[in-house]
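These notes are meant for a colleague who is looking at this structure for the very first time. Please read them with the model open beside the text.

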Amino acid sequence: MSVEQATIEDLGRELGERIAQTPEYERFEEARDAVQRNDEVQEKIDEFEQLRAEFMQARQTGQATQSGLKTVQDAQEELHAMPDMKEFLDAQDALDETLEAVNEAISDPLAVDFGGEAGGCCQD
């Protein structure tokens, strides 16, 4: 596909397809699938989300405690220490780094942070 004949949208689709073929994206997809299939991880996610929601509610009503915060933090640490979840988080970090490099490559000739501020207005 030549640049003259390709639309910006075509180039964007091609970029998306190429990103989907990177080892980082493939690793992320595999790790996400493993997390979704792992019942133990799913239960721990549900438990963490419930504890976090309860803590946020307590915070809004002024009843949050350090003990409650510690409970949420401990649950998050337990979740993140599970092998499938740890692999997912590591894969997500690697994909984020790749996408940041793509963002920088797109942003450099535009003199704008394509991923962060391209849609914004009048930022100093």
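1. Read along the sequence, the protein chain follows the pattern α-α-α-α-α-α, and its secondary structure comes to six helices and zero strands. Helices (H or I, at least four residues) and strands (E, at least two) are DSSP runs, numbered from the N terminus.

2. This is a predicted model, in which local features need pLDDT of at least 70 and side-chain atom pairs count only at pLDDT 80 or more, while totals for chains, interfaces and linings use all residues. Residues are numbered from 1 along each chain as its sequence is written, and side-chain values use heavy atoms, with hydrogens and water left out.

3. Of the 124 residues of the protein chain, 21% count as buried, where buried means under 20% relative accessible area, exposed over 50% and partly exposed in between (1.4 Å probe, protein chains only). Among contacts (heavy atoms within 4.5 Å) between residues at least 6 apart in sequence, 57% join residues at least 24 apart.

4. Helix H3 (residues 39-60) comes within 5 Å of helix H2 (residues 23-37), axis to axis, and the two cross at roughly 80 degrees; axes are lines fitted to C-alpha atoms, for helices over the stretch in contact, and angles run from 0 to 180 degrees between N-to-C directions. H2 and H3 are therefore roughly perpendicular to each other, a term for angles of 65 to 115 degrees. On the H2 side Val35, Gln36 and Arg37 meet Asp39, Val41, Gln42 and Ile45 of H3.

5. H3 has 22 residues and reaches 31 Å from its first C-alpha to its last, close to the 32 Å expected at 1.5 Å a residue, the expected span being 1.5 Å times one less than the number of residues. Its buried residues are Val41, Lys44, Ile45, Phe48, Phe55 and Ala58. Seen down the axis of H3, these fall within an arc of 155 degrees, so they line one face of the helix; the arc is that of the directions from the helix axis to the C-beta atoms. They pack against H2, H4 and H5, whereas the face of H3 turned away from the buried side carries the exposed residues Asp39, Glu43, Asp46 and Gln60.

6. Helix H4 (residues 66-81) and helix H5 (residues 83-110) pack at an angle of about 85 degrees, with their axes 5 Å apart, and are therefore roughly perpendicular to each other. Here Leu79, His80 and Ala81 in H4 meet Pro83, Met85, Lys86 and Leu89 in H5.

Methods:
Parallel < 35°, antiparallel > 145°, perpendicular 65-115°, else oblique.
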